[in-house]
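Please walk through the following protein model from its backbone to its side chains.

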Amino acid sequence: MTQRKGEKPTISIQEHMAIDVCPGPIQPIKQISDYFPRYPRGLPPAVPHVGPLRSALSTSSASASTTAAAESDRPNEDNPDRALAGASASLQATKKDEEPDVEGYDSDDSTTLGTLEFSLLYDQENNALHCTINKAKLPVPRYKKGLKPMDHNGLSDPYVKLHLLPGASKANKLRTKTLHNTLNPVWNETLTYYGITDEDMVRKTLRISVCDEDKFRHNEFIGETRIPLKKLKPNQTKCFNNCLEKQLPVKTEDKSLEERGRIMISLKYNTQKSCLVVGIIRCAHLAAMDANGFSDPYVKTYLKPDENKKSKHKTAVKKKTLNPEFNEEFCYDIKYADLTKKTLEVTVWDYDIGKSNDFIGGVSLGINANGERLRHWFDCLKNKDKKIERWHTLTNELPGSLND
């Protein structure tokens, strides 16, 4: 169409329809790079092929309307912007799936807290549990081996703490020495629990904790492992290499049944002197009664009934300990036949200056006792002139109030 000078440009109806309406059926091409030079080898597989734009325009209105109806049903694959947007999203999703998860290299606490090598031996004859702490080691992900670092220098000052459960929290704790500035400590140290009975081996659990010593703040917990003692066989050493775990809650015991420690007592009836010899050998895992976490224990014994109140004997005081050794003996002049009418009461006390002494625990042996206490008394009566030693559990009730 020609335009005269000074006239406004005009567009015919056919040209207007040809511009506003998309062309008819699209023919595929062989080289997609003709329209997308960005990808000389073609688009990525996620990008759909885009057809060419036809250069010829239809002048027939019927053809244009037919083409518009057909294009309305086609997918948006002929829009380059939408096609590229879809390709970009697909590439990002693929890249996200292929990239390694950096945090995925951090193992859970069961591996990052550390491993501990140790061995346990139950000496049945001597009622002792020997715990040998060998070494600790932890492979920290990617770059370190050793315990989980607790200090600012990336190292730790570790020590190992033992605790028999159930039991008074401070009464039966043992600990190794502290090794400084290391993530791979080697202790090779043996800690021993005395007064362990076959009953303990059935119902007790040994809790082994690794901690970091801090001189200026509270010591920090690193990890722990727990071993039910019933897994051990008498007189056989069993080795362990356990992963440390997070700290687990300790069940609260009934205070009326709380154990207050153990005491080893020896009994012997001396036929030549006609006397009962009572030996107070040692105590173990006593309850802590002082603010410093210890006690100053001593032991008192009575042979009841005691009409003249002359049967009281008392050991020396052992300062600042929960596992005192006394090795003291007391003699009670009594006829052999009268022993069946007597009860031996043994109590353990914490000595305090300037105030009343604290009762720690007690036990009664005699014809009215039961269990191991009764058996110990009978063994003494049956085996004259023979020293019989037994461990006994202290309770938090005064022996005079015991019903057995």
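Where does Asn235 lie? Asn235 is in the loop between β9 (220-228) and β10 (238-243). Helices (H or I, at least four residues) and strands (E, at least two) are DSSP runs, numbered from the N terminus. This is a predicted model, in which local features need pLDDT of at least 70 and side-chain atom pairs count only at pLDDT 80 or more, while totals for chains, interfaces and linings use all residues. Residues are numbered from 1 along each chain as its sequence is written, and side-chain values use heavy atoms, with hydrogens and water left out.

Asn235 is not a glycine, yet has a positive phi of about 65°. Its relative accessibility of 49% makes Asn235 partly exposed, where buried means under 20% relative accessible area, exposed over 50%, and partly exposed in between (1.4 Å probe, protein chains only). Lys320, also not a glycine, has a positive phi of about 50°. Lys320 lies in the loop between β14 and β15 (325-333).

Pro166 sits in the loop between β5 (158-165) and β6 (173-175). Pro305 sits in the loop between β13 (297-304) and β14 (313-314).

Next comes the overall content. The protein has six helices and 18 strands. Of its 404 residues, 41% count as buried. The accessible surface of the protein comes to about 24300 Å², and 50% of that belongs to carbon and sulfur atoms. Accessible areas come from the Shrake-Rupley method with a 1.4 Å probe; for residues, only the protein chains shown count as cover. Among contacts (heavy atoms within 4.5 Å) between residues at least 6 apart in sequence, 66% join residues at least 24 apart.

Four of the strands form an open sheet in the order β7-β2-β1-β10, with antiparallel pairing. The edge strands are β7 (186-194) and β10, each of which pairs on one side only. From one strand to the next, the twist averages 20°; axes are lines fitted to C-alpha atoms, for helices over the stretch in contact, and angles run from 0 to 180 degrees between N-to-C directions. Two strands pair if DSSP finds at least two bridges between them. Strand β2 (residues 128-137) and β7 have seven bridges, in the antiparallel sense. Lys135 stands opposite Val186 in β7.

Tyr351 is in the loop between β16 (343-350) and β17 (358-366). At 32% relative accessibility, Tyr351 is partly exposed.

The charged side chains remain. The structure holds twelve salt bridges, each being a side-chain nitrogen of Lys or Arg within 4 Å of a carboxyl oxygen of Asp or Glu. One of them pairs Arg175 with Glu213, whose closest N and O atoms are 3.5 Å apart. Because Arg175 lies in strand β6 and Glu213 in the loop between β8 (205-212) and β9, this pair ties together parts that are 38 residues apart in sequence. Arg175 is partly exposed, with a relative accessible area of 36%, and Glu213 is partly exposed at 22%.

What separates Arg375 and Glu372 in helix α6 (residues 371-382)? They are three residues apart, so about one helical turn lies between them. Arg375 and Glu372 form a salt bridge, with the closest N and O atoms 2.6 Å apart. Arg375 is partly exposed at 45% relative accessibility, and Glu372 is partly exposed at 32%.

Asp379 and Lys382 also form a salt bridge (4.0 Å, N to O). Both lie in helix α6, three residues or about one turn of the helix apart. Asp379 counts as buried at 14% relative accessibility, whereas Lys382 counts as exposed at 62%. Salt bridges with shared partners join Glu372, Arg375, Asp379, Lys382 and Arg390 into one network.
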